[in-house]
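Biologist: I have a few "how do you know that" questions about this model. Could you walk me through them?

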Amino acid sequence: MKYDFNKNELERLYISEQRTLKDMCAILGVKSPITARKILNSYGISTNHNERISNKTKHGMTDQEFADYLIKEYSNKEKSLRQIGMDLGVNATALRKYFKRFNIPLRATSEAKSIATRGSRSRNWNGGRNLRSNGYIEVYCPTHPKAKSRKYIYEHILVMEQHLGRCLKDNEIVHHINGNKTDNRIENLRLMTNSEHVASHGHKNKGRSVDILHGAWSKKYSCCTMCGTTTVKHKANGLCRNCYATKLRCHKKGVMPNEEY
């Protein structure tokens, strides 16, 4: 038997307005809810309650698409079940069933707490821009290829990379022309190699005493071979105390010094 009903109207009444099969009997002009179910099914409208709830949760996505969505939001974007549930309009308990069905591992409690209190989620969050003790400004940038455990990159590096349209090479240094480490305007930045940067600082120190710390600097080196400073004590091998510590730390991590941040 063929029925002449408008499918969109049936979906509006049964799905959007959530009418019962008994209510649909009067609308369809039939006596039995079983007949009403057959009519709805013939138009491709599911009368299975669990299936309807599942389709509402998945927002029309297939199982594979929904699994990929959950992995992206939970693992890649590090959202919590509660946050994903708010986006989908469901509670976290309902989402746990899908994680179990798709074999998506849930985070350990300690890891979940760590994610919930770091970065922009931290109560001490100040916009992801900090002034380091060495005078440089760093910016929270966890997606940067050189971002390590702290997820911060120096601002002058980011400004130069944005200007160049590429990441800096291992032997490239960003130099502040006016000497102000917090002035990260592109007009105040110059791209140099490591050797050029050391030479520029050596040229500035030429003709004046570098014995600022009363004999603390090396007789063999006029300035730090890494950062060019003469105001920080010499440690060893032509490196100031700070750069020596940085080189030692990077050596243990197996990375280049300019890759640490």
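Modeller: Gladly, and keep in mind that the model is predicted. Let's start with a contact: from helix α2, L21, M24, C25 and L28 meet P33, A36, R37, I39 and L40 of helix α3. Sorted by class, this contact has eight nonpolar residues, one charged residue and no polar ones.

Biologist: How do you know that the length of helix α5 agrees with what it should span?

Modeller: Helix α5 has 14 residues, 63-76, and at 1.5 Å a residue it should span 20 Å. The end C-alpha atoms of α5 are 19 Å apart, which agrees.

Biologist: Which residues of α5 are buried, and why are they said to line one face of the helix?

Modeller: F66, A67, L70, E73 and Y74 are the buried ones. Seen down the axis of α5, they fall within an arc of 140 degrees, so they line one face. The face turned away from that buried side carries Q64 and N76, which are exposed. Just after α5, E78 has a positive phi of about 60 degrees.

Biologist: What makes L164 partly exposed?

Modeller: L164, in helix α9 (residues 155-164), has a relative accessible area of 33%. Buried means under 20% and exposed over 50%, so L164 is partly exposed, in between.

Conventions
Residues numbered from 1 in each chain as written. Predicted model: local features only at pLDDT ≥ 70, side-chain atom pairs only at ≥ 80, totals over all residues. Heavy atoms only, no water. Helix = DSSP H or I, 4+ residues; strand = E, 2+ residues; numbered from the N terminus. Expected span 1.5 Å × (residues − 1). Buried < 20%, exposed > 50% of the residue type's maximum accessible area, 1.4 Å probe, protein only. Arc of directions from axis to C-beta. Contact = heavy atoms within 4.5 Å. Nonpolar A, V, L, I, M, F, W, Y, C, P; charged D, E, K, R; others polar.
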